[in-house]
Amino acid sequence: AEYMGELSWLPGSMWRPVTLIGKVVRLEPLQSSHVPALMSTHGVGTTQYFPQPLQNMSDMQQFVDAALQLQCNGSALSFVTIDLASNSVVGTTRFGNIDTANRRAEIGWTWIGSKWRRSAVNTEAKLLMLQHGFETEQCARIEFKTDALNVTSRAAIARLGAKEEGTLRKHVLTASGRWRDTVYFSILDTEWADVRRRLNAMLQQGSRAAASSAQVAQL
């Protein structure tokens, strides 16, 4: 069933819906109306490492409803990821496990359609979210976690500049019956300046490479 609750916020909560805009991506507050667009960009295997992989429209609706319920409770802030060049919904991402007392949150529940993977979309989305977390919400710590078997995700998180902290064994029982080992990473507020420089350099390098390719294509 579609989530019909009113989005409200706990007293004192600073984590309110916001649109984050970069040069190649826009992160907009997730809404139930985004379900069809999310389903259309979600390909086979996109969420294969999620504890509950998304396989159909019903799964996607439940995924979005759960995200909105957590947001209503004040423990999450969810976005749709929009590619500015095509103005298309290409995925979703989220701040979760928000702990205002201890000034920490997690970035995760992220997936992007295959066409936009290994592009600037995910890199800039992470930059926008980390900037919001550290500079607007004043986080002291931002966490990431992933399935130990998801080597692509582990490499992508490490490439951000996050520090691997360890593995929680038999952490989550997945829908398939497999016990998932979960690898944790984090970035601290004291590391944010270096991470920000790193991500900006990655984006600039990617932009130069794209411009060079465009010039060659015109020769």
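This is a predicted model: local features need pLDDT of at least 70, side-chain atom pairs count only at pLDDT 80 or more; totals for chains, interfaces and linings use all residues.

Colleague: Fine. How many strands form the sheet, and in what order?
Modeller: The open sheet has 8 strands, in the order S1-S2-S3-S4-S5-S6-S8-S7, with mixed pairing. Strands (E, at least two residues) and helices (H or I, at least four) are DSSP runs, numbered from the N terminus. Two strands pair if DSSP finds at least two bridges between them.

Colleague: Which are the edge strands?
Modeller: Strand S1 (20-21) and strand S7 (163-173). Each pairs on one side only.

Colleague: What holds paired strands together, in general?
Modeller: Strands of a sheet pair through backbone hydrogen bonds, either parallel or antiparallel.

Colleague: And how many bridges join S3 to S4?
Modeller: There are 7, and the two strands run antiparallel. Ser78 stands opposite Arg94 in S4. S3 and S4 form a hairpin with 4 residues between them. In that turn, Asn87 has a positive phi of about 55°.

Colleague: What about S4 and S5?
Modeller: They are antiparallel too, over 6 bridges. Gly91 stands opposite Ile112 in S5. Their hairpin has 4 residues between the strands, and Arg103 there takes a positive phi near 50°.

Colleague: Is S4 mostly covered or mostly open?
Modeller: S4 is mostly covered, with 10 of its 12 residues buried. Buried means under 20% relative accessible area, exposed over 50%, and partly exposed in between (1.4 Å probe, protein chains only).

Colleague: Which strands does helix H2 touch?
Modeller: Helix H2 (residues 57-72) packs on the sheet and touches S3, strand S4 (88-99) and strand S5 (104-112). Contact means heavy atoms within 4.5 Å. The direction of H2 makes about 40° with that of S4. Axes are lines fitted to C-alpha atoms, for helices over the stretch in contact, and angles run from 0 to 180 degrees between N-to-C directions.

Colleague: And helix H4?
Modeller: Helix H4 (residues 151-160) also packs on the sheet, touching strand S6 (141-147), S7 and strand S8 (179-188). Its direction makes about 160° with that of S6.

Colleague: New topic. Is His132 buried or exposed, and where does it lie?
Modeller: His132 lies in helix H3. It counts as buried because its relative accessibility is 7%. Leaving aside neighbours within four places in sequence, His132 is in contact with Trp15, Val18, Leu20, Leu77, Phe95 and Glu137.

Colleague: How much space lies in the largest pocket?
Modeller: About 1,600 Å³. Of the 48 residues that line the largest pocket, the closest to its centre are Phe50, Thr110, Trp111, Asn150 and Ser153.

Colleague: And the largest cavity?
Modeller: About 30 Å³ of space lies there. H3 gives the most to its lining, with 4 residues. The lining includes Thr81, Thr110 and Met129.

Colleague: How do you define those two?
Modeller: On a 1 Å grid over the protein atoms alone, a cavity is a set of points where a 1.4 Å probe fits but cannot get out. A pocket is an open set with protein on both sides within 12 Å along at least five of seven lines. Lining residues have an atom within 4 Å of a point. Grid points are joined across faces, edges and corners, and a volume is the space filled by probe spheres set on the points.

Definitions and conventions: Residues are numbered from 1 along each chain as its sequence is written. Side-chain values use heavy atoms; hydrogens and water are left out.
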